[in-house]
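User: I would like to learn how to read the features of a structure file one at a time. Please give the general idea and then the case at hand.

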Amino acid sequence: MPAELLIDSHAHLQDKAYREDREEVIARALAGGIEKIICVGYDLESSVETLELARTYPEIYAVVGVHPHDAKTLTPEGEEKLYEMARDPKVVAIGETGLDFYRDLSPRDVQRQAFVAQIRIAHELKKPIVIHDRDAHQPVMEIIKKENAGKNGGVIHCYSGGLPMAIEMIKQGFYLSFAGPVTFKNARRPAEVVANLPLERLLVETDCPYLTPEPYRGRRNEPVHVREVARKVADIRRKPLAEIAYLTNRNTREAFRIK
Ligand code: NI
C-alpha cells in the first residue's frame, strides 16, 4: 500500500456508472491508499444510496442533499425527508447544493430557494454544507454571506473561482476542494489558486465519475485517482506528496469533523 494515505473528499459512488463494479472500485481505492471517501448525493434517491454505502463501509461517509440541477425536485416533503436522513451520524454534511448558472437545469430562483433551504437544514443540525458553484460566483457569495452559510463550516467543491473569492470564502468558514481540472493543461485558474491558497484550507477530491484527472482523462473517474490531484497540488506547491497527503487528509477530517 502506498505510504501516503489520502481522502477523496467528494465522490459519487452511488452513480449508475458503478452499477457493474462498485465493490471493485471501492476495493481498488482502499488498496490504493485512499483511506476514506466522502460520498455525495445529488437528489433524494441518490442521497439514500450514499447513506446505504456509508452504512455498509466504515471508510465511506455520506453527504445528503439536492444538487442545483435537481433543485426543482425538492418539495417541502422532500426537505423533511432530507432533514430526517441528515440526522444520521454517518451523514457528515448537507449537499451538494449551491447554484449552477452554466447549465441552468433548474430555474435560477428555484435553485436559490433550494440552496437557502439546505443551508437552513445544515444550521438546524449544526452540520457543514457542501457547495457547488458553477458560473455563479457572485450570487453564491451573496447567499453565503446573507445566510451565514459557513457558520458550521463547509466545503466549496471543485472550486473554480479566483483567489480573492477563495480568501473571502475562507473567512466565511469554508474549505476549498480541488478536482481533476487542476491537472488539465488548459485550466490555469485552479492551478493559480492552488499556488496561493493557505494549505490548511485545501482539500482534494475526484467528483467521480466526472472530471477524470490526467493522465486518465477521457475514462471514467474513480476515487483512487485522487492521488493524481494530490500529486499535481504537490507539484504546484513544490512539496513532497507525503506532506500534501498529510495536510489534505487532516483538513478533510476537520472540515467534516471526522475522527
Ligand atoms: Ni459533485
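User: Where does Glu96 lie?

Analyst: Glu96 lies in strand β4. Helices (H or I, at least four residues) and strands (E, at least two) are DSSP runs, numbered from the N terminus. As for the source, this is a predicted model, in which local features need pLDDT of at least 70, side-chain atom pairs count only at pLDDT 80 or more, and totals for chains, interfaces and linings use all residues. Residues are numbered from 1 along each chain as its sequence is written, and side-chain values use heavy atoms, with hydrogens and water left out.

User: Which atoms coordinate the nickel ion?

Analyst: Donors are N, O and S atoms within 2.8 Å of the metal (3.2 Å for Na, K and Ca); water is not among the atoms, so sites may look incomplete. Here the nickel ion is coordinated at 2.2 Å by NE2 of His10, NE2 of His12, OE of Glu96 and OD of Asp207. Along the chain these donors follow the spacing H-x1-H-x83-E-x110-D. His12 sits in the loop between β1 (6-11) and α1 (22-31), while Glu96 belongs to β4 (residues 91-100), so this pair ties together parts that are 84 residues apart in sequence.

User: What is the geometry of the site of the nickel ion?

Analyst: Four donors count as tetrahedral if all angles lie between 85 and 135 degrees; four count as square planar and six as octahedral if opposite donors are over 155 degrees apart and all others between 65 and 115; anything else is irregular. The nickel ion has 4 donor atoms with angles of 82 to 173° among them, and its site is irregular.

User: Are His12 and Glu96 buried or exposed?

Analyst: Both are buried. Buried means under 20% relative accessible area, exposed over 50%, and partly exposed in between (1.4 Å probe, protein chains only). Two further cases show the scale. Tyr175, in strand β7 (residues 174-178), is buried at a relative accessible area of 10%. Arg103, in the loop between β4 and α4 (108-125), is partly exposed at 48%.

User: Which peptide bonds and phi angles deserve a second look?

Analyst: Most residues other than glycine have a negative phi, and most peptide bonds are trans. In this model the bond joining Gly95 and Glu96 is cis, with omega about 5°. The bond from Glu214 to Pro215 is also cis, with omega near 5°; Pro215 lies in the loop between β8 (202-204) and α8 (226-237). Asn148 is not a glycine, yet has a positive phi of about 50°. Asn148 is in the loop between α5 (137-147) and β6 (154-157) and is partly exposed, at 37% relative accessible area. Cys158, also not a glycine, has a positive phi of about 45° and is found in the loop between β6 and α6 (163-171).

User: How many disulfides does the structure hold?

Analyst: A disulfide is a pair of cysteine sulfur atoms within 2.5 Å. The structure holds 0. For Cys158, the closest cysteine sulfur is that of Cys208, at 12 Å, which is too far for a bond. For Cys208, the closest is that of Cys39, at 7.8 Å, again too far. Cys208 is buried, with a relative accessible area of 0%.

User: How much space lies in the largest pocket?

Analyst: On a 1 Å grid over the protein atoms alone, a pocket is an open set of points where a 1.4 Å probe fits, with protein on both sides within 12 Å along at least five of seven lines; lining residues have an atom within 4 Å of a point. Grid points are joined across faces, edges and corners, and a volume is the space filled by probe spheres set on the points. The largest pocket has about 640 Å³. It is lined by 22 residues, and the closest to its centre are His69, Asp100, His132, Arg134 and Asp207. Two or more lining residues come from each of β4 and β5 (129-134), and β5 gives the largest share, 3 residues.

User: What is the lining of the largest pocket by class?

Analyst: Ala, Val, Leu, Ile, Met, Phe, Trp, Tyr, Cys and Pro count as nonpolar, Asp, Glu, Lys and Arg as charged, and the others, Gly among them, as polar. The lining has 9 charged, 7 polar and 6 nonpolar residues.
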